[in-house]
Amino acid sequence: MPRSIYATTTIDASLTNPAAWGLALIVIVVVSWFFYRYFAPDSWREWVGAGVVQAFIIALYAEMYGFPLTIYLLVRFFGLDREYVSTNLWSTLVGFGETGMFVSMLLGYAVAFVGIGLFAQGWRQVYRARQDDQLVTDGLYRYVRHPQYTGLFIALFGEGIIHWPTIFSVGLFPLVVVVFTWLARREERDMIDQFGEGYRTYQRRVPMFIPRWEQWRSLVAESRSGGDDFEDS
């Protein structure tokens, strides 16, 4: 069978496989639940950020488990002709097939899990600080001012760029960074209004999203040893 016909057959099978779309829906719901558990939007600005991340999640897992739109577009309009068109984009473009997909999966999951740890633990720390109406500058906040956003960026990069890149995940990732940078700056204005010079001093001392090179290992270690989870009220 010619490889172009093989590609079309694989894509058609994805469209007509209800089990694949059911799996895609389940994964989207589970990942979305986890995201909203640690990022509950209050203002319209936070809802904008949540909406962009939600679009990223849907686009990513709909392609991963449902219809491989990126591969379809590359085959259809850019003449891509590879035997393993059903694997992820990196392994398809480089030509490493299942081996390339496995390597990118392991690396992507490793990066994503680091990001998830930072995202969850950063949220826990700021949650506890808000309960006491205090400025949090310890724990993960010793290294970056917004560890929950740093974790979110790392998790999305690991899953949507390294593990399973698609046209939409690659295109949406910079938008996620821009929107949450804007959101972080708005939050910091509120923090300055509340804590004044204390927060300005903290701003000058600690980076916004990217820790200093020598602090990365400490940041990751801190996210893994965050202690017990809080009890939901």
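**Pockets in a predicted model**

Student: Hi! How much space lies in the largest pocket?
Tutor: About 510 Å³. The volume is the space filled by probe spheres set on grid points, which are joined across faces, edges and corners. A pocket, on a 1 Å grid over the protein atoms alone, is an open set of points with protein on both sides within 12 Å along at least five of seven lines, the probe being 1.4 Å, and lining residues have an atom within 4 Å of a point.

Student: What kind of model is this?
Tutor: It's predicted: local features need pLDDT of at least 70 and side-chain atom pairs pLDDT 80 or more, while totals for chains, interfaces and linings use all residues. Residues are numbered from 1 along each chain as its sequence is written, and side-chain values use heavy atoms, without hydrogens and water.

Student: Which residues lie nearest the centre of the largest pocket?
Tutor: Val126, Arg130, Glu187, Asp190 and Met191, out of 25 lining residues. H8 gives the largest share, 8 residues. Helices here are DSSP runs (H or I, at least four residues), numbered from the N terminus.

Student: And the lining by class?
Tutor: There are 10 nonpolar, 5 polar and 10 charged residues. Ala, Val, Leu, Ile, Met, Phe, Trp, Tyr, Cys and Pro count as nonpolar, Asp, Glu, Lys and Arg as charged, and the others, including Gly, as polar.

Student: Switching over, what volume has the second largest pocket?
Tutor: About 400 Å³. Its 19 lining residues include Val31, Phe34, Tyr61, Ile116 and Ala155, which lie nearest the centre.

Student: What classes line that second largest pocket?
Tutor: The count is 18 nonpolar, no polar and 1 charged. H3 gives the most to this lining, with 6 residues.

Conventions: Helices (H or I, at least four residues) and strands (E, at least two) are DSSP runs, numbered from the N terminus.
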